[in-house]
Amino acid sequence: MTVTPDDLDAATASVADGLRQASGHDWSAAPGTGELTAWRTAEHLGDCLISYAALLLARPSTPRFVCFEAVADRAATPSELLEFVTVGGGILSATLRTVAPDVRAYHPSGRADPEGFAGMGCVEALVHGEDMARGLDVTLDPPREVCARVLARMFPDVDADGLDPWTALLWATDRTELPGRPSRAGWQWRGAPLDDDAAG
């Protein structure tokens with residue numbers, strides 16, 4: 001695997017460490033992803049990570065997500081939300097370490113292998129973490145080697161030559177603009193294995 005469970009652990013830990021600086025802020029008032037607050041974005045992230053583990057385990061025979069939603073307690077503090085995110089990442093990484101490498105499971109971006117789910121988990125953690133960090137006025141500093149591996153696996157069409165891998169990942173997911181490079185609005189990652197010609 002070019003993106004590994006260790007990468008997911010590192011991505012999740014870096015996000016939690018960065019956002020912990022803002023644990024005293026009101027996350028219900030700070031912006032997060034899109035129309036969501038930072039509080040709701042953290043909840044969404046925890047649910048995303050757990051739902052990916054569920055897909056790898058259940059492997060529904062029809063193209064659908066497993067029919068549940070993981071939610072945070074309404075009274076959850078920022079520290080408890082970060083705990084939820086960390087647990088979600090841990091459940092996914094533990095699942096990735098136990099499923100067979102030839103497992104494939106549904107995702108709208110293509111039937112993904114464990115490496116694809118590891119990459120998706122990293123992207124979810126890092127970009128939603130960045131959305132929250134901006135709203136909470138803190139800075140994330142994820143491991144650049146993880147960002148580089150995630151870019152190569154999840155965005156094989158993106159030319160990141162000469163770019164800081166974290167900056168390139170933010171551009172690939174339309175979180176920043178880069179002079180001389182096109183907009184990435186409407187971006188999509190590749191969940192299916194890179195050598196799978198039937199990616200859809």
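Leaving out neighbours within four places in sequence, arginine 175 is in contact with Thr33, Val127, His128, Asp131, Arg134, Leu170 and Trp187 (contact means heavy atoms within 4.5 Å). Keep in mind that this is a predicted model, where local features need pLDDT of at least 70, side-chain atom pairs count only at pLDDT 80 or more, and totals for chains, interfaces and linings use all residues. Residues are numbered from 1 along each chain as its sequence is written, and side-chain values use heavy atoms, with hydrogens and water left out.

**Arginine 175 and the end of H6**

- Arginine 175 sits in the segment after helix H6 (165–172); helices here are DSSP runs of H or I with at least four residues, strands are runs of E with at least two, and both are numbered from the N terminus.
- With a relative accessible area of 17%, arginine 175 is buried (buried means under 20% relative accessible area, exposed over 50%, and partly exposed in between, using a 1.4 Å probe and protein chains only).
- A polar atom of the arginine 175 side chain lies 2.9 Å from the backbone oxygen of threonine 173.
- Aspartate 174 follows H6 and has a positive phi, near 60 degrees.

**Helix H6 itself**

- H6 is largely enclosed by the rest of the structure, because 6 of its 8 residues are buried.
- Those buried residues are Trp166, Ala168, Leu169, Leu170, Trp171 and Ala172.
- H4 and H5 are among the parts that cover them.

**Valine 158, in a loop**

- You'll find valine 158 in the loop between helix H5 (144–154) and H6.
- Valine 158 is buried too, at a relative accessible area of 13%.
- Setting aside neighbours within four places in sequence, valine 158 is in contact with Leu151, Trp171, Ala172 and Arg184.
- Valine 158 and arginine 184 are 26 residues apart in sequence, and their C-alpha atoms are 9.8 Å apart in space.

**The nonpolar core**

- The largest nonpolar core has 60 residues, and Leu19, Trp27, Phe117 and Phe155 have the most contacts inside it (such a core is a set of buried Ala, Val, Leu, Ile, Met, Phe, Trp, Tyr and Cys residues joined through side-chain atoms within 4.5 Å).
- Helix H1 (5–20), helix H2 (38–58), helix H3 (78–98), helix H4 (114–136), H5 and H6 each give two or more residues to this core.
- H4 gives the most, with 11 residues.
- Not counting residues up to four places away in sequence, phenylalanine 155 touches several residues, including Val123, Val150, Leu169 and Trp187.

**How the helices pack**

- Two packed helices are described by the angle between their axes and the distance between the axes.
- H4 and H5 pack at an angle of about 125 degrees, with their axes 10 Å apart (axes are lines fitted to C-alpha atoms, for helices over the stretch in contact, and angles run from 0 to 180 degrees between N-to-C directions).
- That makes H4 oblique to H5: angles under 35 degrees count as roughly parallel, over 145 as roughly antiparallel, 65 to 115 as roughly perpendicular, and the rest as oblique.
- On the H4 side, residues making this contact include Gly116, Gly119 and Val123, while on the H5 side they include Val146 and Val150.
- The axes of H2 and H3 come within 8 Å and cross at roughly 15 degrees, so H2 and H3 are roughly parallel to each other.
- Among the residues making that contact are Leu45, Leu49 and Ala53 of H2, along with Phe84, Gly88 and Leu92 of H3.

Methods. A polar contact is a pair of N or O atoms within 3.5 Å; within protein, one must be able to donate a hydrogen and the other to accept it, and residues adjacent in sequence count only if both atoms are side-chain atoms.
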